[in-house]
Amino acid sequence: MFDPRLYRAALLMVVLAVLAGAFSLQSRPNPATTTLAPEAFSTVEAWRTLTQLHADFPDRRPGSAGEEALGRLVATRLQQITKSRPEVDQFEGATIDGKRTLLNVSATIPGAPGPGIVVVAHRDAAGHGARAELSATAVLLELARVAAESDSRRTITFASTSGGSGGLAGARRLAEQLRNDPPLAVIVVGDSASRNTRKPTVIAWSNGKGQAPLRLQRSAQAAVRKETRREPGAARAPKQWGRMAFPLTVGEQGAFGREGIASVLIQASGERGPAADAPVSQTRLQTYGRAVLRLIYALDQSHAEREAPQAVLVAQGQRIPYWTIQLIVGALLVVPLIVAVDGYARIRRRDERVGRWAVWTLSWSLPFIVASALLLLLKVIGVIGVAPPSPIPGPSLDVGIGTTIGLISIFIVFALTLLFVRPFVLRFFAPDTLQQRPSREGASVAVMLVVCVTALVAWAVNAYAAALLVPAVHLWLLALSPEARLKWWGAVGLVLLSMSPLVALALIDAAAFGWSLHQLLWSVALLIAGGHASLPIWLLSSLILGSMMSALMVAVRLERFAPVDTEAGSHGPGPRAGRRGFPRPLHRSRPLRRPRFRGH
């Protein structure tokens, strides 16, 4: 049914795509640097501010009285520093405690016309104390003092946001305001004083397509390297691929990246951030405070133009454009589609029906679609109160009894849809599949056509995400082929193996964000309910998971046939005339007997 010769011939397209992509490699842009030493940053003053704020505001849950009082104090301090009235923006936002009234405070130091620089730090915290997290606000105030006393070329805005402990409500609000006139760069100041350093300390991931421009990334890395005298760390190509396949980050730079604004996060404790009881160091505060100031100097003196986030991949110091990724992944997806279409043409000549099995394949996606729709409904009616449109880090994510009940209810709805709703739908659209087992070739071809078309639609949306389906569309050709000499358990193993990239990506993200297995499942539910996973995304995900379930069913029940000579019947009359391409079941085939040697 699936012609291996056609498969080998179609692989030539992949070779040509790789050769064309080899000529597209480009070197990385040079970072923006400065000759000004950041000696104006006063570590003593920043440390004094941190100590005072920590003593006065130990509890700073987003939207709480303590967090709002701290916001008012920051506004007063910015007014004293910049000698101008700061902007105070009060709004409703989704946080780790549900809907809350939040406060964003910003002050601007004017410069020459043109795109400016925005420095952002959030002041809220999920845990009590959280001194390391509060160091970002202390650094922000000291940077504002230095900028007010110096002559800068560009306009510099300093913003204190709320909601950064989970949900990124303040950053999303500010990003929406900057969307129409984006700055040159947004520098997000994170934990700058904790002693436990995790790499990387420069985080450029986005909650939208791509990552921060490479020039901005390299400029931030050069500033951190100069002050810390150690490598800030950079993500390897596989992790870059995974983050651009499913854009996800808990840092505030992700909210700006989603709006198409260049942004990076500089944080001593890595992407996840520090624990509430993390020890702090005055030396570390000086190091990272000066690193951010050095980056501000470099961007202020550079003649760089405004850039948007880029979906480029960096490997071995080379920049791979997005169109190259699209070309290679597209070629890898077209190869199995060609083979599947050829298999469809072959079995149609034998009057084997495929349309009913295509409906049967799509029906396996119905439980996933219903479960996702239920999550949206629960969010609308208020049953799920905490579902911000951005991921929540593990330490801030509540996984109590209510979460467990929510997960159990979703699984119950999933099971009921699978057992009752799905057969009811098939009774109207494909009743034959309820009486027949998916053992014929039509079921295999239908599954392959559905998964190949779904993968190509995903490729049109995001080539990095579609690349995770490449093992599936190729391995399933072997697992679901009746002519393959595979036991049922071998075919099932291939189907499960093909989904390993998706499982590996989920586990890597869980480790990066501090999610347990329970938190991982609930976070996926919240991403759907909160709207981070848009309608096209969870529909495509449902089709992919449904295709996997249908492939498992076919792999278990498929009738496997011995390979036949497809050219049989083309050599004139004989015992095999008229039997071209007709499969012979394995259980009816007779093993060849070895002739005995008879002596003379």
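Colleague: Which ring does the charged end of Arg422 sit over?

Modeller: The ring of Trp364. The charged end of Arg422 is 3.8 Å from the centre of that ring. Keep in mind that this is a predicted model.

Colleague: On to ring pairs. How many aromatic pairs does the structure hold?

Modeller: Seven. One of them is Phe368 with Phe414. Their centres are 4.9 Å apart, with 70 degrees between the planes, and the pair is edge-to-face.

Colleague: Where in the chain are Phe368 and Phe414?

Modeller: In distant parts, which the pair links. Phe368 is in helix α13, residues 366-381. Phe414 is in helix α14, residues 401-429.

Colleague: Phe368 and Phe414: buried or exposed?

Modeller: Phe368 is buried. Phe414 is buried too.

Colleague: Now Phe424 and Phe428. Why is that pair edge-to-face?

Modeller: The planes of the two rings stand at 70 degrees, so the pair counts as edge-to-face, the cut-off being over 60. The ring centres are 5.1 Å apart.

Colleague: Which helix do Phe424 and Phe428 lie in?

Modeller: Both lie in helix α14. They are four residues apart, about one turn of the helix.

Colleague: Last one. Which residues form one aromatic cluster with Trp241?

Modeller: Tyr322 and Tyr464.

Key
Residues are numbered from 1 along each chain as its sequence is written. This is a predicted model: local features need pLDDT of at least 70, side-chain atom pairs count only at pLDDT 80 or more; totals for chains, interfaces and linings use all residues. Side-chain values use heavy atoms; hydrogens and water are left out. Rings of Phe, Tyr and Trp (its six-membered ring) pair if their centres lie within 6.5 Å; planes under 30 degrees apart count as stacked, over 60 as edge-to-face and the rest as tilted. Helices (H or I, at least four residues) and strands (E, at least two) are DSSP runs, numbered from the N terminus. Buried means under 20% relative accessible area, exposed over 50%, partly exposed in between (1.4 Å probe, protein chains only). A charge sits over a ring if NZ of Lys or CZ of Arg is within 6 Å of the ring centre and within 35 degrees of the ring normal.
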